[in-house]
Amino acid sequence: MIIRKSPAEIEAMKEAGRLSAKVLREVGAHVRPGVSTLELDELAEKLIRAEGGVPAFKGYGGFPGSICASVNEQIVHGIPSADVVLRDGDIISIDTGAIVEGWVGDNAWTYAVGKISPEKRRLLEVTERCMWAGVDAARPGNRLGDIGHAVQAIAEEASFGVVREYVGHGIGRAMHEEPNVPNYGRKHTGVRLEPGMVLAIEPMINAGTYKTRAMPDGWLVVTRDGRPSAHFEKTVAVTEDGPVVLTCEEGRRRPV
């Protein structure tokens, strides 16, 4: 069942979104060679709790971290570790979530570590464009397929692979609600978007094949061919006035 939120509930969700966005930005500012993903995780938890929030990921399904930290060919759900130390030329996808007064904010961004290759730079630029195109398609009267198509068209025009097995989702008082939000699809197909729907739109785009491989820890997912992957995400409300990004420190939609 899709749970539509009232305007007042969407307004309440902005605080969880604001905190999630602030933490993601501040953790991202600490990305540099020599930093471990565990250090980034500890910083995220400290920042979330300092403002009265609760890390949305910690303990979720048994996940041990406050962030997901996925490096290079790692697509999603990387467990923070003191043994994973960032090096010049890496990219790292950081997924951060906070719960405030029962509402969840969820967002992700992929950061360059030092100087990265032209391929990785292009992957980051294209994946961010994919995300904003998906956000812009989250309008009343459109359908879920319009979001997926917007993402897929940009990624595949760049000859990148769109991950199939892992998708965006509805979000509210639970981290994952209906509906699933694929990053691929056909225009004018799928569930019709209505005001009050709140979606986590999160393209996961690979430099090579779209195929994935799950690792033995039960969490980490990597590209099948070992080439790099990027992940960008915003929590977005569908409103009569268009899409509103909730994971935004200003609490406003980014113009797209």
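Predicted model: local features only at pLDDT ≥ 70, side-chain atom pairs only at ≥ 80, totals over all residues.
Local features are reported at pLDDT of at least 70 and side-chain atom pairs at pLDDT 80 or more, whereas totals for chains, interfaces and linings use all residues. Residues are numbered from 1 along each chain as its sequence is written, and side-chain values use heavy atoms, without hydrogens or water.

**Isoleucine 10**

- Isoleucine 10 belongs to helix α1, residues 7-28; helices (H or I, at least four residues) and strands (E, at least two) are DSSP runs, numbered from the N terminus.
- The relative accessible area of isoleucine 10 is 9%, so the residue is buried (buried means under 20%, exposed over 50%, partly exposed in between, with a 1.4 Å probe and protein chains only).
- Beyond its neighbours within four places in sequence, isoleucine 10 is in contact with Lys5, Gly196, Val198, Ala237 and Leu246, where contact means heavy atoms within 4.5 Å.
- Although 162 residues separate isoleucine 10 from glycine 172 in sequence, their C-alpha atoms are 8.9 Å apart in space.

**Isoleucine 3**

- Isoleucine 3 is located in the segment before α1.
- With a relative accessible area of 39%, isoleucine 3 is partly exposed.
- Apart from neighbours within four places in sequence, Glu177 and Gly196 are in contact with isoleucine 3.
- Isoleucine 3 and proline 182 lie 179 residues apart in sequence, with a C-alpha to C-alpha separation of 18 Å.

**Cavity**

- One cavity of 30 Å³ or more is found in the whole structure; a cavity is a set of points on a 1 Å grid over the protein atoms alone where a 1.4 Å probe fits but cannot get out, and its lining residues have an atom within 4 Å of a point.
- The largest cavity has a volume of about 30 Å³, the volume being the space filled by probe spheres set on points that are joined across faces, edges and corners.
- Its lining consists of Cys68, Ser70, Ile75, Val76, His77, Ser93, Ile94, Asp95 and His231.
- Strands β2 (67-71), β3 (74-76) and β4 (91-100) each contribute at least two lining residues, and β4 gives the largest share, three residues.
- By class, four lining residues are nonpolar, four polar and one charged (Ala, Val, Leu, Ile, Met, Phe, Trp, Tyr, Cys and Pro count as nonpolar, Asp, Glu, Lys and Arg as charged, and the others, Gly among them, as polar).

**Cysteines**

- The whole structure has zero disulfides, a disulfide being a pair of cysteine sulfur atoms within 2.5 Å.
- Cysteine 68, which lines the largest cavity, is buried at 6% relative accessibility.
- Cysteine 130 is buried at 0% relative accessibility.

Note on methods:
1 Å grid on protein atoms, 1.4 Å probe; cavity = no way out; pocket = protein on both sides within 12 Å on 5 of 7 lines; lining within 4 Å.
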